[in-house]
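These are my notebook entries on one structure. I record what I looked up and what I found.

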Amino acid sequence: MRIRKKIIVCCLAFAASGNVVFAQAKAIIRIDPAKEGARISPTLHGIFFEEISHAGEGGLYAELIQNRGFEDSRLPQGTTLQNGNIVPERTPHFMLMPEQASDWTMPWTVRSPWPAWTSRTTGQSTLSLSLTADHPLNEATPHSLEVKVSGKDTGKAELINEGFWGMNAIAGDEYNLSFYVRNPGTYQGALTASLQSKDGKVLAAHVFPALRKGEWTKYTCILHADQSDPAAQFVFSFGGKGTLWFDIVSLFPQKTFKSRPNGLRADLAQYIADLKPAFIRWPGGCYVEGINIQSAPDWKRTLGPIETRPGTFSPWGYWSSDGFGYHEYLQYCEDIGAAALYVFNVGVSCEFRSGTFIQDDSLAPVIQNALDAIEYAIGPVSSKWGKLRAKNGHAAPFPLKYVEVGNEQHGPRYAQRYNRFYEAIRKKYPAIRIIASMGIADVNRNTLKDMQQLDLVDEHAYKGVNWSFTHNDHFDNYKRGNWDMYVGEYATNGGVGTGNMAATLSDAVYMMAMERNSDLVKMSSYAPLLVNVNDVSWPVNLINFDAGHSFARISYYAIKLFNENRPDVNLATTVQVLPPAEKTNQFSGGIGLGTWDTQSEYKDIQVEKNGKILYKSDFGNRGSDWQPIRGDWKKGDSSIRQTAAGAQLLVVLKDSVFDTYTLTLKARKTDGYNAFIIPFAIKDSNNYLRAHIGSYVNSHCVFESVSGGYEVSDLTDQRPLNQPIVKDRWYSIRLEVQADKVACYLDEKLLMEYKEPDKVFAISGRDEKTGDLLIKMVNATGADCNTTLQIAGNPLIDKEALLTTLAAGGEKSENSFEHPTATVPANSLVHNASNEFQLNLPPYSVNVLRLKDKR
Ligand code: AHR
């Protein structure tokens, strides 16, 4: 499920681009401390770790060697390779009835039998590599690498591991190396292990003068780096000739988080610790589900010495060594004071992949496996799995407080399964809170109705930019049930590049809605957490890293700020945004025509303002005004017709800039899935808004925003069409574009409207320990917001108040490797606080104000 798309279109700019001048906003925020709202859950902010985009392997897990066990060219269990794709066994899909198999496949990108390893020779030396399954070290690591060194005595023979896009060697630091060698007897001579720069400069080295003859022997040493290089490699240099076999070659910095052996990369683990998360959800996501049921993860395979862990194939396209296993995860939770939230597989693989599953009548061992996992974490040392935990070095129970029954499963069939898990877990572990999954979106009746008992339900919310502004009442409107809500995955990830300030503003408003509704939303976690920028599987992630550097996106700082300033109880808060003297034209820009997996024809296009025609074309006369961007656009005598297949096909009216106007045209669908797309407010050919009539396979209509050419996010809810658009019939379409409002008519009937929301938001609450009033405010406009704060009931407020502001120069601002702290919170003192005072909120800012009660 790679969702990155290459943008290969030209970028036609329109004069209006970047020219919108925002009028200064004015707002009144009224707070009534006497009116308490929902209490705020102390567990509101947690984190979600998934093995995606090398978040763990080559990321949080500090191992520096990639493919240490020479197992990474293995096909995932239960698959075969066909025409470059891995194909799961075609057994039925859990959600396809009756008993249908999915036809899902996935490209197999592994090209070498020993990924990440290469050889280098000079002079007369030769070195040949082969993967062998003979004489395995143990069953968990069935393959090893056979290395034959031959040739004359001159020249070098080297075996190189590239790490995860390099290794971070730091001068003065020490690295623990361990590896297994089998020397059948022919090899004589020394073996040197080193860290080297790509050009061969040695940064650290250790010589093993001779290797014992015979079966597998473990060697260890410490490599002391005397120079730094964030893109170093690991090298074995052969001083002799003959044959050696290698397995489980492992290299760890000694400086792991809390210096734990087999531990975590310190900078990344510290970012997470600094968030002070209430809990850690682990190990996924889709990862929990697997591409098929045979390859799904099993916590039992992640315990014990690293050479006994066979690894798990991540649905995100690579093998995890399971070095960051269940025990290490529980230890990390304890180390940072977070509760553990363990997600287990319910005998069903990912429904977007093969969806294969274990039959209902064979579920007992799967349920037992979940119970065993809980016993491992919290069972007494006298129990089977508690005893193993003690043997693995941790006699005391770990802080496991939650389990989740699968990931993104849903529907009545899952509900039946969930009931069986719930009953077994509740009976044995009454204190564990059990989380039901709800599919990829909102909590849904179809899943809930068959569930007998519920503690928490897990809603997932990946949204487009500004969605939280237009749906600020999302949780307010939720019908409460006999369950609490966990928003297990949320992020603004459409229309925000790789995660800019616009994303943070939307995320902040979303978090404020959760806090305001914390009687319902007790827990939440942003997703995904980590991305190795060398293998990006998801467009927007919280913490970015490569081998030697890392930075947190601005949203990370918003989450941290909100968690650090989490009150105990909400207070009644209203925001009144005062209308500006003159409205800004929010939809200035060009116009265009489009299709999505559809062939359509357009004609009689006209733009009119106050009775004056600004533009008119029947394409026969002014066809050259229109510039095709994507698609096959054929201009006829009186129309323009799109005939190609594909998404986001677009033609634009060149150099057009309109502010407020009425656009009329006629449209006819000739073939395909959807119907008509009318782009407007075009800033350039990759960034615009549009009316989409016949979205969702010709069943709905919606206003959408497009950014980066292909990223589409909904501005309004999808509204069902009374009836689908009929083929080969002309429809008339009218778009009425006003300063901050746009309406779309089909055959003179109003289809949908969109109004730019007021972009100033606030909530407040009381910190009961200190008596402080905490006010969270977002100004998502591009201008200062002159704000009047009114606190009802004449409280005695200290005139000095602490204001923390997270503000960026523009919506597109992002932190980066070069400028990791470009946008981070800044503290300042407000000197005029009282029960009515003025405060300026800078453009594009998230603010927390702490008012002290003088008494
Ligand atoms: O966070 C990325 C993916 O999004 C998760 O694996 C899955 O649960 C969700 O669909």
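At what angle do helix H4 and helix H5 pack, and how far apart are their axes? I found that H4 (residues 364-378) and H5 (residues 384-391) pack at an angle of about 45 degrees, with axes 7 Å apart. Before going on, I note that the model is predicted: local features need pLDDT of at least 70, side-chain atom pairs count only at pLDDT 80 or more, and totals for chains, interfaces and linings use all residues. Residues are numbered from 1 along each chain as its sequence is written, and side-chain values use heavy atoms, with hydrogens and water left out.

**Entry 1**

I first wrote down the terms. Helices (H or I, at least four residues) and strands (E, at least two) are DSSP runs, numbered from the N terminus. Axes are lines fitted to C-alpha atoms, for helices over the stretch in contact, and angles run from 0 to 180 degrees between N-to-C directions. Angles under 35 degrees count as roughly parallel, over 145 as roughly antiparallel, 65 to 115 as roughly perpendicular and the rest as oblique. H4 and H5 are therefore oblique to each other.

I then looked up which residues meet (contact means heavy atoms within 4.5 Å). From H4, Asp372, Glu375, Tyr376, Ala377 and Ile378 meet Lys384, Trp385, Gly386, Leu388 and Arg389 of H5. I sorted the residues of this contact into five nonpolar, one polar and four charged. Here Ala, Val, Leu, Ile, Met, Phe, Trp, Tyr, Cys and Pro count as nonpolar, Asp, Glu, Lys and Arg as charged, and the others, Gly among them, as polar.

**Entry 2: H3 and H4**

I next turned to helix H3 (residues 326-335), which packs with H4 at an angle of about 50 degrees, the axes being 11 Å apart. That angle makes H3 oblique to H4. Tyr326, His327 and Leu330 of H3 make the contact with Ala373, Ile374, Tyr376 and Ala377 of H4. The residues of this contact comprise six nonpolar, one polar and no charged.

**Entry 3: H9 and H10**

I found helix H9 (residues 501-516) and helix H10 (residues 554-564) packed at an angle of about 25 degrees, with their axes 8 Å apart. That makes H9 roughly parallel to H10. Among the residues of H9 that meet H10 are Met501, Asp507 and Met512, and the H10 residues they meet include Ile554 and Phe562. I counted nine nonpolar, two polar and one charged in the contact of H9 with H10.

**Entry 4: the ligand**

Which residues are around the ligand? I listed Glu50, Gly285, Cys286, Trp316, Asn407, Glu408, Tyr462, Glu489, Pro528 and Trp538; a residue is included if one of its heavy atoms lies within 4 Å. I then looked for polar contacts (pairs of N or O atoms within 3.5 Å). A ligand oxygen atom lies 2.9 Å from an N or O atom in the side chain of Glu408. For the side chain of Tyr462, the distance to a ligand oxygen atom is 2.6 Å. A polar side-chain atom of Glu489 is 2.8 Å from an oxygen atom of the ligand.

**Entry 5: the backbone**

Most residues other than glycine have a negative phi, and most peptide bonds are trans. I found a cis peptide bond from Ala527 to Pro528, with omega near -20 degrees. Pro528 is in the loop between strand S25 (521-526) and strand S26 (530-532), and Pro528 is also one of the residues around the ligand. The peptide bond from Trp282 to Pro283 is cis, with omega near 0 degrees. Asn262 has a positive phi, near 50 degrees.

Note on methods. Polar contact = N/O pair within 3.5 Å; in protein donor to acceptor, adjacent residues only side chain to side chain.
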